[in-house]
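Subject: Structure handover and notes

Hi,

Here is the structure I promised to pass on. Please open it alongside these notes.

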Amino acid sequence: MEMADKEYYKMIKDMFGHKKPVLSFEVFPPKKDDEFEGVYATLDSLSGLKPDFISVTYGAGGSRSKKTVEIASYIENKLHIGALAHMTCVGNKKEDIDKVCKELADANISHVLALRGDRPAYMTDEQYESRDFAYANELISYLKSNTSLHIAGACYPEKHFEAMSKRADIARLKEKVETGCDFLITQLFMNNDVFYEFQESCASNGITVPICAGIMPITSTKQVATTISLSGTSIPKAFSDLVAKYGDDPEEMKKAGIDYAIRQIQDLKENGAEGIHIYSMNRPKTTAEIVHAIY
């Protein structure tokens, strides 16, 4: 994205009205400080693919919040690409959120993805029950009342694992959007039909903000056992067949996983997806292979 484009799109939500699909990536701060510098090389590589924005994840309970701000600042101020900083609230008090918001403002970051987040391991039951923010919509409401941040929200095509039903999940999502979300990014999914059904359900329930389809290239059997199972994402037969055929051959499994993601995105583009959000896992080569195949 050139500087002129950056000035034109002061808000990420405005991009959706001018191009389709909007392309974005997600990166994460490494857990070890001595690996941190490698993130900049990753970002430099990803910037060459000309994404419209890049999101940066946030450690449980805000454990890596300062790193999130540092990385987002590099994206926004050095690469001149829109930065979307994740912000979780489950382990934070209001004063913790205020502190992060000041850090974001000082770094010229104006967009956040507001999330509840996972319960930190250190939280006692008493702390968890008395937390300042029970759900993401409460964080969104607080941010809308106390900051000028532009806010994105998360959504779950196959429903959040804690939701009683898809209908209940959509009702809570609508509440979240009405509280102040500019656009949504989905949890990863492997079956596009699930996403299309989710889109229809959102539309029929009055949820009209843009929705970015979250795609993660699954390139190893380890990812199937961890990422897929932990996210609760269902595995369609077409992908199960790939794992059965190539799972014992790491190189072939990697190729098959990338090809599957490419075919998913091509289908999403053909069916008018407003945004494609690639969970890059800090792997610029894999991300580049996908992007070069679809654009």
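I start with isoleucine 228, which lies in helix H10, residues 221-231. Keep in mind that this is a predicted model. Isoleucine 228 has a relative accessibility of 2%. The cut-off for buried is under 20%, so isoleucine 228 counts as buried. What does isoleucine 228 touch, not counting residues up to four places away in sequence? The list is Leu188, Met190, Ile218, Gln223, Thr233 and Ile235. Take methionine 190 from that list. Methionine 190 and isoleucine 228 are 38 residues apart in sequence. Their C-alpha atoms are 9.2 Å apart in space.

**Helix pair H11 and H12**

Next, two helices. H11 covers residues 237-246 and H12 covers residues 250-270. Their axes come within 9 Å and cross at roughly 165°. Angles over 145 degrees count as roughly antiparallel, so H11 is roughly antiparallel to H12. The crossing of the two is right-handed. Which residues make the contact? From H11 come Ala238, Phe239, Leu242, Val243 and Tyr246. From H12 come Glu252, Met253, Ala256, Tyr260 and Arg263. Sorted by class, eight residues in this contact are nonpolar and two are charged. There are no polar residues in it.

**Salt bridges**

Side chains of opposite charge can pair when their charged atoms come close. How many salt bridges does the structure hold? The count is nine.

- Lysine 102 with aspartate 106. The closest N and O atoms are 2.9 Å apart. Both residues lie in helix H5, residues 94-106. They are four residues apart, about one turn of the helix. Lysine 102 is exposed, at 54% relative accessible area. Aspartate 106 is exposed too, at 59%.

- Arginine 116 with glutamate 162. Here the closest N and O atoms are 3.0 Å apart. Arginine 116 lies in the loop between strand E4 (111-115) and helix H6 (125-129). Glutamate 162 lies in the loop between strand E5 (150-155) and H8. The pair therefore ties together parts that are 46 residues apart in sequence. Arginine 116 counts as buried, at 15% relative accessibility. Glutamate 162 is partly exposed, with a relative accessible area of 42%.

- Aspartate 182 with lysine 13. The closest N and O atoms are 3.9 Å apart. The salt-bridge cut-off is within 4 Å, so this pair qualifies. The two residues link distant parts of the chain, 169 residues apart. Aspartate 182 is in the loop between helix H8 (166-180) and strand E6 (183-186). Lysine 13 is in helix H2, residues 12-15. Aspartate 182 is buried, with a relative accessible area of 15%. Lysine 13 is partly exposed, at 34%.

**The loop between E5 and H8**

Back to the loop that holds glutamate 162. Is histidine 160 buried or exposed? Its relative accessible area is 16%, so histidine 160 is buried. Leave aside its neighbours within four places in sequence, and histidine 160 is in contact with Arg116 and Asp169. Arginine 116 is the partner of glutamate 162 in the salt bridge above.

Lysine 159 is in this loop too. Phi of lysine 159 is near 75°, a positive value in a residue other than glycine. Lysine 159 is partly exposed, with a relative accessible area of 27%.

**Other backbone points**

Where else is there a positive phi in a residue other than glycine? Lysine 50 has one, near 55°. Lysine 50 is found in the loop between helix H3 (37-47) and strand E2 (53-56). At 51% relative accessibility, lysine 50 counts as exposed.

Which residues does a cis peptide bond join? They are lysine 20 and proline 21, with omega at about -5°. Proline 21 is found in the loop between H2 and strand E1 (22-27).

Best wishes

Conventions:
Residues are numbered from 1 along each chain as its sequence is written. This is a predicted model: local features need pLDDT of at least 70, side-chain atom pairs count only at pLDDT 80 or more; totals for chains, interfaces and linings use all residues. Side-chain values use heavy atoms; hydrogens and water are left out. Axes are lines fitted to C-alpha atoms, for helices over the stretch in contact, and angles run from 0 to 180 degrees between N-to-C directions. Angles under 35 degrees count as roughly parallel, over 145 as roughly antiparallel, 65 to 115 as roughly perpendicular and the rest as oblique. A crossing is left-handed if the near helix is turned anticlockwise from the far one by less than a right angle, and right-handed if clockwise. Contact means heavy atoms within 4.5 Å. Ala, Val, Leu, Ile, Met, Phe, Trp, Tyr, Cys and Pro count as nonpolar, Asp, Glu, Lys and Arg as charged, and the others, Gly among them, as polar. A salt bridge is a side-chain nitrogen of Lys or Arg within 4 Å of a carboxyl oxygen of Asp or Glu. Buried means under 20% relative accessible area, exposed over 50%, partly exposed in between (1.4 Å probe, protein chains only).
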